[in-house]
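Thanks for coming. I'll take a few minutes on one structure, so please have a look at the screen.

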Amino acid sequence: MKAQSSATPATPVAVAAHRDRAGLGTLQAALGVIAFSLTFPATAWGLEGFGPWSLVAVRSVLAALVAGGCLLAAGAPPRARGRAWGRGRTWGRVPPPDRRHWPGLAVVGAGVVLGFPMLTTLALQTSTTAHAAVVVGLLPLTTALLSALRVGSRPSRTFWAAALAGAAAVAVFTVRQSGGAPTTADLYLFAALLVCAAGYTEGGRLARVMPGWQVIGWALVLCLPLTVPAAVIALALEPVRLTAHSVAGLLWVAAGSQFLGLVVWYRGMAAIGIPKASQLQLAQPLLTLVWSVLLLNERLTPAAPLTAAAVLVCIAVTQRTRA
(Lines give C-alpha, C1' and ligand atoms only; values in the text may rest on other atoms or scores of the structure.)
Protein backbone atom coordinates (compact mmCIF):
# COMPACT_ATOMS: atom_id res chain seq x y z
CA MET A 1 0.00 0.00 0.00
CA LYS A 2 2.83 2.34 0.85
CA ALA A 3 4.57 1.76 -2.47
CA GLN A 4 1.33 2.31 -4.33
CA SER A 5 0.56 5.60 -2.59
CA SER A 6 4.07 6.91 -3.22
CA ALA A 7 3.83 6.14 -6.93
CA THR A 8 0.41 7.71 -7.48
CA PRO A 9 1.35 11.40 -6.99
CA ALA A 10 4.20 11.07 -9.50
CA THR A 11 1.90 10.11 -12.35
CA PRO A 12 0.72 13.64 -13.29
CA VAL A 13 4.33 14.84 -13.16
CA ALA A 14 5.44 12.05 -15.46
CA VAL A 15 2.59 12.81 -17.88
CA ALA A 16 3.48 16.52 -17.90
CA ALA A 17 7.17 15.72 -18.46
CA HIS A 18 6.24 13.46 -21.37
CA ARG A 19 4.10 16.19 -22.93
CA ASP A 20 6.86 18.75 -22.50
CA ARG A 21 9.36 16.42 -24.12
CA ALA A 22 6.98 15.74 -27.00
CA GLY A 23 6.34 19.45 -27.46
CA LEU A 24 10.04 20.25 -27.46
CA GLY A 25 10.70 17.40 -29.88
CA THR A 26 8.02 18.69 -32.26
CA LEU A 27 9.54 22.18 -32.11
CA GLN A 28 13.02 20.83 -32.81
CA ALA A 29 11.82 18.75 -35.75
CA ALA A 30 9.93 21.79 -37.11
CA LEU A 31 13.09 23.91 -36.89
CA GLY A 32 14.88 21.22 -38.85
CA VAL A 33 12.19 21.35 -41.54
CA ILE A 34 12.56 25.13 -41.80
CA ALA A 35 16.32 24.75 -42.19
CA PHE A 36 15.88 22.05 -44.85
CA SER A 37 13.30 24.14 -46.74
CA LEU A 38 16.06 26.63 -47.53
CA THR A 39 18.39 23.96 -48.93
CA PHE A 40 17.22 24.00 -52.54
CA PRO A 41 17.17 27.81 -52.92
CA ALA A 42 20.57 28.00 -51.20
CA THR A 43 21.90 25.29 -53.52
CA ALA A 44 20.63 27.26 -56.52
CA TRP A 45 22.53 30.27 -55.20
CA GLY A 46 25.64 28.17 -54.67
CA LEU A 47 25.52 26.86 -58.23
CA GLU A 48 25.86 30.44 -59.45
CA GLY A 49 29.53 30.37 -58.44
CA PHE A 50 30.47 26.71 -57.93
CA GLY A 51 30.29 23.54 -59.97
CA PRO A 52 28.04 20.77 -58.60
CA TRP A 53 30.89 18.57 -57.40
CA SER A 54 32.74 21.50 -55.83
CA LEU A 55 29.63 22.73 -54.06
CA VAL A 56 28.82 19.35 -52.51
CA ALA A 57 32.40 18.50 -51.52
CA VAL A 58 33.19 21.91 -50.04
CA ARG A 59 29.89 22.10 -48.14
CA SER A 60 30.58 18.70 -46.58
CA VAL A 61 34.11 19.68 -45.58
CA LEU A 62 32.96 22.97 -44.04
CA ALA A 63 30.15 21.21 -42.17
CA ALA A 64 32.63 18.60 -40.91
CA LEU A 65 34.93 21.36 -39.63
CA VAL A 66 32.02 22.90 -37.71
CA ALA A 67 31.01 19.50 -36.36
CA GLY A 68 34.59 18.59 -35.48
CA GLY A 69 35.01 21.84 -33.60
CA CYS A 70 31.87 21.09 -31.61
CA LEU A 71 33.09 17.57 -30.84
CA LEU A 72 36.39 18.96 -29.62
CA ALA A 73 34.80 21.67 -27.52
CA ALA A 74 31.96 19.69 -25.95
CA GLY A 75 32.25 17.25 -23.08
CA ALA A 76 30.26 14.06 -22.65
CA PRO A 77 28.16 13.55 -19.50
CA PRO A 78 30.19 11.67 -16.85
CA ARG A 79 27.78 8.71 -16.78
CA ALA A 80 28.22 8.23 -20.54
CA ARG A 81 32.00 7.89 -20.44
CA GLY A 82 33.26 4.36 -20.85
CA ARG A 83 29.76 2.85 -21.11
CA ALA A 84 27.35 2.28 -23.99
CA TRP A 85 29.22 4.13 -26.70
CA GLY A 86 32.46 5.49 -25.24
CA ARG A 87 34.44 2.54 -23.80
CA GLY A 88 36.75 5.03 -22.11
CA ARG A 89 38.44 6.25 -25.30
CA THR A 90 38.34 9.91 -26.18
CA TRP A 91 38.63 12.03 -29.28
CA GLY A 92 39.20 15.47 -27.85
CA ARG A 93 36.72 15.52 -24.97
CA VAL A 94 33.89 13.54 -26.57
CA PRO A 95 34.17 9.73 -26.53
CA PRO A 96 33.87 8.21 -30.01
CA PRO A 97 30.87 6.03 -30.79
CA ASP A 98 31.00 2.36 -30.01
CA ARG A 99 32.04 0.08 -32.86
CA ARG A 100 28.51 -1.29 -33.26
CA HIS A 101 27.23 2.22 -34.13
CA TRP A 102 29.66 2.86 -36.98
CA PRO A 103 27.64 0.98 -39.63
CA GLY A 104 24.61 3.15 -38.82
CA LEU A 105 26.77 6.28 -38.97
CA ALA A 106 28.07 5.12 -42.35
CA VAL A 107 24.47 4.92 -43.61
CA VAL A 108 23.83 8.46 -42.29
CA GLY A 109 26.99 9.68 -44.02
CA ALA A 110 26.20 7.93 -47.30
CA GLY A 111 22.60 9.11 -47.33
CA VAL A 112 22.56 12.56 -45.73
CA VAL A 113 26.14 13.83 -46.06
CA LEU A 114 27.00 12.54 -49.54
CA GLY A 115 24.09 10.99 -51.43
CA PHE A 116 21.23 13.44 -50.99
CA PRO A 117 23.30 16.63 -51.48
CA MET A 118 25.06 15.26 -54.56
CA LEU A 119 21.95 13.87 -56.26
CA THR A 120 19.80 16.94 -55.59
CA THR A 121 22.57 19.29 -56.69
CA LEU A 122 22.89 17.42 -59.98
CA ALA A 123 19.11 17.58 -60.36
CA LEU A 124 19.01 21.33 -59.72
CA GLN A 125 21.33 21.95 -62.67
CA THR A 126 18.41 21.25 -65.00
CA SER A 127 15.40 21.40 -62.67
CA THR A 128 13.69 24.24 -60.86
CA THR A 129 13.43 24.24 -57.09
CA ALA A 130 9.68 23.70 -57.45
CA HIS A 131 10.23 20.48 -59.37
CA ALA A 132 12.91 19.34 -56.93
CA ALA A 133 10.42 19.80 -54.10
CA VAL A 134 8.65 16.65 -55.34
CA VAL A 135 11.28 14.53 -53.64
CA VAL A 136 10.75 16.37 -50.36
CA GLY A 137 7.01 15.88 -50.58
CA LEU A 138 7.46 12.11 -50.89
CA LEU A 139 10.27 11.88 -48.32
CA PRO A 140 8.05 11.63 -45.18
CA LEU A 141 6.17 8.63 -46.53
CA THR A 142 9.39 6.89 -47.60
CA THR A 143 10.99 7.59 -44.22
CA ALA A 144 7.97 6.17 -42.40
CA LEU A 145 8.08 3.04 -44.57
CA LEU A 146 11.79 2.48 -43.93
CA SER A 147 11.25 3.18 -40.25
CA ALA A 148 8.57 0.49 -40.07
CA LEU A 149 10.97 -1.99 -41.68
CA ARG A 150 14.09 -0.95 -39.78
CA VAL A 151 13.00 -0.15 -36.23
CA GLY A 152 9.71 -2.01 -36.11
CA SER A 153 7.39 1.00 -35.76
CA ARG A 154 3.76 0.26 -36.64
CA PRO A 155 1.73 3.43 -37.31
CA SER A 156 -2.06 3.12 -37.33
CA ARG A 157 -4.26 3.05 -40.44
CA THR A 158 -5.38 6.60 -39.76
CA PHE A 159 -1.74 7.68 -39.66
CA TRP A 160 -1.03 6.03 -43.01
CA ALA A 161 -4.16 7.46 -44.59
CA ALA A 162 -3.23 11.00 -43.52
CA ALA A 163 0.38 10.50 -44.60
CA LEU A 164 -0.63 9.20 -48.02
CA ALA A 165 -3.14 12.03 -48.48
CA GLY A 166 -0.57 14.66 -47.54
CA ALA A 167 2.11 13.14 -49.74
CA ALA A 168 -0.33 12.93 -52.66
CA ALA A 169 -1.37 16.57 -52.22
CA VAL A 170 2.23 17.75 -52.17
CA ALA A 171 3.23 15.53 -55.11
CA VAL A 172 0.31 16.72 -57.28
CA PHE A 173 0.98 20.34 -56.43
CA THR A 174 4.72 20.26 -57.11
CA VAL A 175 4.38 18.15 -60.28
CA ARG A 176 1.79 20.56 -61.68
CA GLN A 177 4.10 23.46 -60.88
CA SER A 178 6.87 21.96 -62.99
CA GLY A 179 4.81 20.50 -65.81
CA GLY A 180 5.07 16.87 -64.70
CA ALA A 181 7.32 15.65 -67.52
CA PRO A 182 9.78 12.95 -66.32
CA THR A 183 13.40 13.96 -66.90
CA THR A 184 16.89 12.83 -65.97
CA ALA A 185 16.61 15.12 -62.97
CA ASP A 186 13.67 12.99 -61.77
CA LEU A 187 15.94 9.94 -61.60
CA TYR A 188 18.38 11.89 -59.44
CA LEU A 189 15.54 13.07 -57.22
CA PHE A 190 14.01 9.64 -56.67
CA ALA A 191 17.42 8.17 -55.91
CA ALA A 192 18.00 11.03 -53.47
CA LEU A 193 14.65 10.25 -51.87
CA LEU A 194 15.69 6.68 -51.06
CA VAL A 195 19.17 7.40 -49.72
CA CYS A 196 17.97 10.34 -47.62
CA ALA A 197 15.14 8.32 -46.08
CA ALA A 198 17.66 5.63 -45.14
CA GLY A 199 19.92 8.25 -43.56
CA TYR A 200 17.04 9.80 -41.63
CA THR A 201 15.91 6.41 -40.34
CA GLU A 202 19.37 5.40 -39.12
CA GLY A 203 20.02 8.86 -37.71
CA GLY A 204 16.75 8.84 -35.79
CA ARG A 205 17.55 5.40 -34.39
CA LEU A 206 21.06 6.42 -33.31
CA ALA A 207 19.75 9.63 -31.73
CA ARG A 208 18.05 7.45 -29.13
CA VAL A 209 21.40 6.24 -27.77
CA MET A 210 23.63 9.30 -28.31
CA PRO A 211 23.03 13.06 -28.62
CA GLY A 212 21.54 13.97 -31.98
CA TRP A 213 24.23 16.55 -32.78
CA GLN A 214 26.89 13.90 -32.32
CA VAL A 215 25.13 11.58 -34.78
CA ILE A 216 25.51 14.01 -37.66
CA GLY A 217 28.81 15.28 -36.28
CA TRP A 218 30.46 11.87 -36.38
CA ALA A 219 28.87 11.09 -39.76
CA LEU A 220 30.41 14.26 -41.20
CA VAL A 221 33.82 13.48 -39.69
CA LEU A 222 33.58 9.90 -40.97
CA CYS A 223 33.20 11.25 -44.52
CA LEU A 224 36.25 13.56 -44.38
CA PRO A 225 38.64 11.03 -46.01
CA LEU A 226 36.32 11.17 -49.03
CA THR A 227 35.19 14.79 -49.03
CA VAL A 228 38.61 16.47 -48.58
CA PRO A 229 40.24 14.86 -51.67
CA ALA A 230 37.00 15.35 -53.59
CA ALA A 231 36.97 19.05 -52.72
CA VAL A 232 40.60 19.51 -53.81
CA ILE A 233 40.04 17.74 -57.13
CA ALA A 234 36.70 19.41 -57.85
CA LEU A 235 38.00 22.91 -57.11
CA ALA A 236 40.92 22.28 -59.47
CA LEU A 237 38.68 21.09 -62.31
CA GLU A 238 35.57 23.25 -61.96
CA PRO A 239 35.60 27.06 -62.32
CA VAL A 240 34.77 29.07 -59.21
CA ARG A 241 33.17 32.52 -59.26
CA LEU A 242 32.70 34.00 -55.80
CA THR A 243 29.62 36.18 -55.49
CA ALA A 244 27.45 37.21 -52.57
CA HIS A 245 24.83 34.64 -53.60
CA SER A 246 27.24 31.76 -54.16
CA VAL A 247 29.07 32.33 -50.85
CA ALA A 248 25.81 32.76 -48.89
CA GLY A 249 24.36 29.63 -50.49
CA LEU A 250 27.49 27.61 -49.72
CA LEU A 251 27.59 28.75 -46.09
CA TRP A 252 23.92 27.96 -45.54
CA VAL A 253 23.98 24.46 -47.04
CA ALA A 254 27.14 23.73 -45.04
CA ALA A 255 26.25 25.13 -41.61
CA GLY A 256 22.46 25.37 -41.75
CA SER A 257 21.31 22.38 -43.80
CA GLN A 258 24.21 19.98 -43.33
CA PHE A 259 24.80 20.42 -39.60
CA LEU A 260 22.54 22.66 -37.50
CA GLY A 261 19.33 21.59 -39.24
CA LEU A 262 20.19 17.92 -38.83
CA VAL A 263 21.10 18.44 -35.16
CA VAL A 264 17.61 19.66 -34.22
CA TRP A 265 16.00 17.25 -36.68
CA TYR A 266 17.57 14.14 -35.14
CA ARG A 267 16.80 15.37 -31.63
CA GLY A 268 13.19 15.88 -32.66
CA MET A 269 12.96 12.42 -34.20
CA ALA A 270 14.38 10.85 -31.04
CA ALA A 271 11.77 12.66 -28.92
CA ILE A 272 8.56 12.11 -30.90
CA GLY A 273 9.44 9.14 -33.10
CA ILE A 274 10.58 8.83 -36.70
CA PRO A 275 7.14 8.46 -38.36
CA LYS A 276 5.57 11.49 -36.68
CA ALA A 277 8.63 13.69 -37.15
CA SER A 278 8.82 12.72 -40.82
CA GLN A 279 5.27 13.92 -41.40
CA LEU A 280 6.26 17.45 -40.44
CA GLN A 281 8.26 17.45 -43.66
CA LEU A 282 5.00 17.55 -45.61
CA ALA A 283 5.17 21.31 -45.10
CA GLN A 284 8.72 21.52 -46.45
CA PRO A 285 7.95 21.73 -50.20
CA LEU A 286 5.52 24.59 -49.62
CA LEU A 287 8.09 26.43 -47.51
CA THR A 288 10.64 25.83 -50.25
CA LEU A 289 8.28 27.37 -52.79
CA VAL A 290 7.85 30.43 -50.57
CA TRP A 291 11.64 30.83 -50.30
CA SER A 292 11.91 30.32 -54.05
CA VAL A 293 9.56 33.26 -54.62
CA LEU A 294 11.37 35.48 -52.14
CA LEU A 295 14.95 34.50 -53.00
CA LEU A 296 14.82 33.29 -56.61
CA ASN A 297 11.88 35.32 -57.94
CA GLU A 298 9.94 32.22 -58.99
CA ARG A 299 6.19 32.68 -59.44
CA LEU A 300 3.74 30.99 -57.08
CA THR A 301 0.36 29.79 -58.39
CA PRO A 302 -2.97 30.31 -56.55
CA ALA A 303 -3.03 26.56 -55.76
CA ALA A 304 -0.40 27.05 -53.04
CA PRO A 305 -2.68 28.16 -50.18
CA LEU A 306 -5.14 25.34 -50.90
CA THR A 307 -2.36 22.77 -50.84
CA ALA A 308 -0.92 24.34 -47.70
CA ALA A 309 -4.28 23.98 -45.93
CA ALA A 310 -4.56 20.32 -46.97
CA VAL A 311 -1.04 19.60 -45.77
CA LEU A 312 -1.62 21.29 -42.42
CA VAL A 313 -4.74 19.16 -41.88
CA CYS A 314 -2.75 16.01 -42.64
CA ILE A 315 0.02 17.06 -40.26
CA ALA A 316 -2.53 17.70 -37.50
CA VAL A 317 -3.99 14.22 -37.99
CA THR A 318 -0.61 12.48 -37.93
CA GLN A 319 0.49 14.38 -34.84
CA ARG A 320 -2.65 13.27 -32.99
CA THR A 321 -2.35 9.65 -34.08
CA ARG A 322 -0.34 7.16 -32.08
CA ALA A 323 2.69 5.79 -33.89
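Before I name any helix: a helix here is a DSSP run of H or I with at least four residues, and helices are numbered from the N terminus. And please keep in mind that this is a predicted model.

I'll start with serine 147. Serine 147 sits in helix H6, which covers residues 129-150. Is serine 147 buried or exposed? Its relative accessibility is 1%, and buried means under 20%, so serine 147 counts as buried. What does serine 147 contact, once neighbours within four places in sequence are left aside? The list is Gly152, Ser153, Thr201, Ile274 and Pro275.

Next, the packing of H6. Helix H6 packs with helix H8, residues 184-206, at an angle of about 40°, and the axes are 8 Å apart. That angle makes H6 oblique to H8. The crossing of the two helices is right-handed. By residue type, the contact of H6 with H8 has 14 nonpolar, five polar and four charged residues.

Last, the cores. The largest nonpolar core has 65 residues, and the members touching the most others are Tyr200, Ile216, Trp265 and Tyr266. Helix H11, residues 244-272, is the top contributor to this core, giving nine residues. Apart from that core there is another one, of seven residues, including Phe50, Leu55, Val61 and Leu250.

Back to tryptophan 265: leaving out residues up to four places away in sequence, its contacts include Gln28, Phe36, Tyr200 and Gln281.

Conventions: Residues are numbered from 1 along each chain as its sequence is written. This is a predicted model: local features need pLDDT of at least 70, side-chain atom pairs count only at pLDDT 80 or more; totals for chains, interfaces and linings use all residues. Side-chain values use heavy atoms; hydrogens and water are left out. A nonpolar core is a set of buried Ala, Val, Leu, Ile, Met, Phe, Trp, Tyr and Cys residues joined through side-chain atoms within 4.5 Å. Buried means under 20% relative accessible area, exposed over 50%, partly exposed in between (1.4 Å probe, protein chains only). Contact means heavy atoms within 4.5 Å. Axes are lines fitted to C-alpha atoms, for helices over the stretch in contact, and angles run from 0 to 180 degrees between N-to-C directions. Angles under 35 degrees count as roughly parallel, over 145 as roughly antiparallel, 65 to 115 as roughly perpendicular and the rest as oblique. A crossing is left-handed if the near helix is turned anticlockwise from the far one by less than a right angle, and right-handed if clockwise. Ala, Val, Leu, Ile, Met, Phe, Trp, Tyr, Cys and Pro count as nonpolar, Asp, Glu, Lys and Arg as charged, and the others, Gly among them, as polar.
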